[in-house]
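The sequence and structure are shown here.

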Amino acid sequence: MQNQYIVELTDLFCGELNHSYVTRYAIAANTIQGAIGKLAKYTGLNFRKYYGDDEDAIYHTTSKLRGCTIDYIDNEDLKEYTNNHTINYI
């Protein structure tokens, strides 16, 4: 069974997540690295880990123009999250 991850992709300002716009994704993957791989393939961007561990992390693109947070989420919390936010499923 695959894990669910919530990704919030935004722009960077001076190396920090800016959140002037946010695109949210729900990604099913076995690992956090697998989820980032799917996001990279979907968006066409290349990501490098900036900070984090196996449950949540921050990634920046290699161009340093965009970044994202990625968090593990269980199915019950995912249902509640989708009620409050617009989400793209990958």
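Strands β1 and β5 (residues 66-73) pair in the antiparallel sense over eight bridges. Strands are DSSP runs of E of at least two residues, helices are runs of H or I of at least four residues, and both are numbered from the N terminus. Two strands are taken to pair if DSSP finds at least two bridges between them. In this pairing, threonine 10 has glycine 67 of β5 as its bridge partner.

β1 is also joined to strand β2 (residues 16-29), by ten bridges, and these two strands run antiparallel. Here the bridge partner of threonine 10 is valine 22 in β2. Nine of the eleven residues of β1 (residues 3-13) are buried, so the strand is largely enclosed by the rest of the structure. Buried means under 20% relative accessible area, exposed means over 50%, and partly exposed lies in between, with a 1.4 Å probe and protein chains only.

## Basis of the model

The model is predicted: local features need pLDDT of at least 70, side-chain atom pairs count only at pLDDT 80 or more, and totals for chains, interfaces and linings use all residues. Residues are numbered from 1 along each chain as its sequence is written, and side-chain values use heavy atoms, with hydrogens and water left out.

## Overall fold

The protein chain contains two helices and six strands. Along the sequence they follow the pattern β-β-α-β-β-β-α-β.

The radius of gyration of the protein chain is 12 Å, which agrees with the value near 12 Å for a compact globule of 90 residues. This radius is taken over C-alpha atoms, and the globule rule is 2.2 Å times the number of residues to the power 0.38. Along the principal axes, the C-alpha atoms fill a box of roughly 35 × 25 × 20 Å. Of the 90 residues, 37% are buried. Among contacts between residues at least 6 apart in sequence, 52% join residues at least 24 apart; a contact means heavy atoms within 4.5 Å.

## The sheet and its edges

The six strands form an open sheet in the order β3-β4-β5-β1-β2-β6, with mixed pairing. β3 (47-52) and β6 (88-89) stand at the edges, each with a single partner strand, so one side of each is left without a neighbour in the sheet. Strands of a sheet pair through backbone hydrogen bonds, either parallel or antiparallel.

On the β3 side, five bridges join β3 to β4 in the antiparallel sense, and lysine 49 stands opposite tyrosine 59 in β4. Strand β4 (residues 56-61) is in turn joined to β5 by five bridges, also running antiparallel. Tyrosine 59 has cysteine 68 in β5 as its bridge partner, while isoleucine 58 stands opposite threonine 69 in β5.

## Hairpin loops

The hairpin of β3 and β4 has three residues between the strands. The hairpin of β1 and β2 has two residues between its strands, and cysteine 14 takes a positive phi there. Cysteine 14 has a phi of about 55° although it is not a glycine. At 71% relative accessibility, cysteine 14 counts as exposed.

Four residues separate the strands in the hairpin of β4 and β5. Lysine 64 lies in that loop, and its phi is near 65°, a positive value in a residue other than glycine. With a relative accessible area of 53%, lysine 64 is exposed.

Glutamine 4 is found in strand β1 and is buried, with a relative accessible area of 18%. Leaving aside residues up to four places away in sequence, glutamine 4 touches Ile27, Ala28, Asp71, Tyr72, Ile73, Asn75 and Leu78.

## Surface and charge

The accessible surface of the protein chain comes to about 5,600 Å², and 46% of it belongs to carbon and sulfur atoms. Accessible areas come from the Shrake-Rupley method with a 1.4 Å probe; for residues, only the protein chains shown count as cover.

The protein chain has 8 positive and 12 negative side chains, and the centres of the two sets lie 12 Å apart. Lys and Arg count as positive and Asp and Glu as negative, while His and the chain ends are not counted. The place of a charge is taken as NZ of Lys, CZ of Arg, CG of Asp or CD of Glu.
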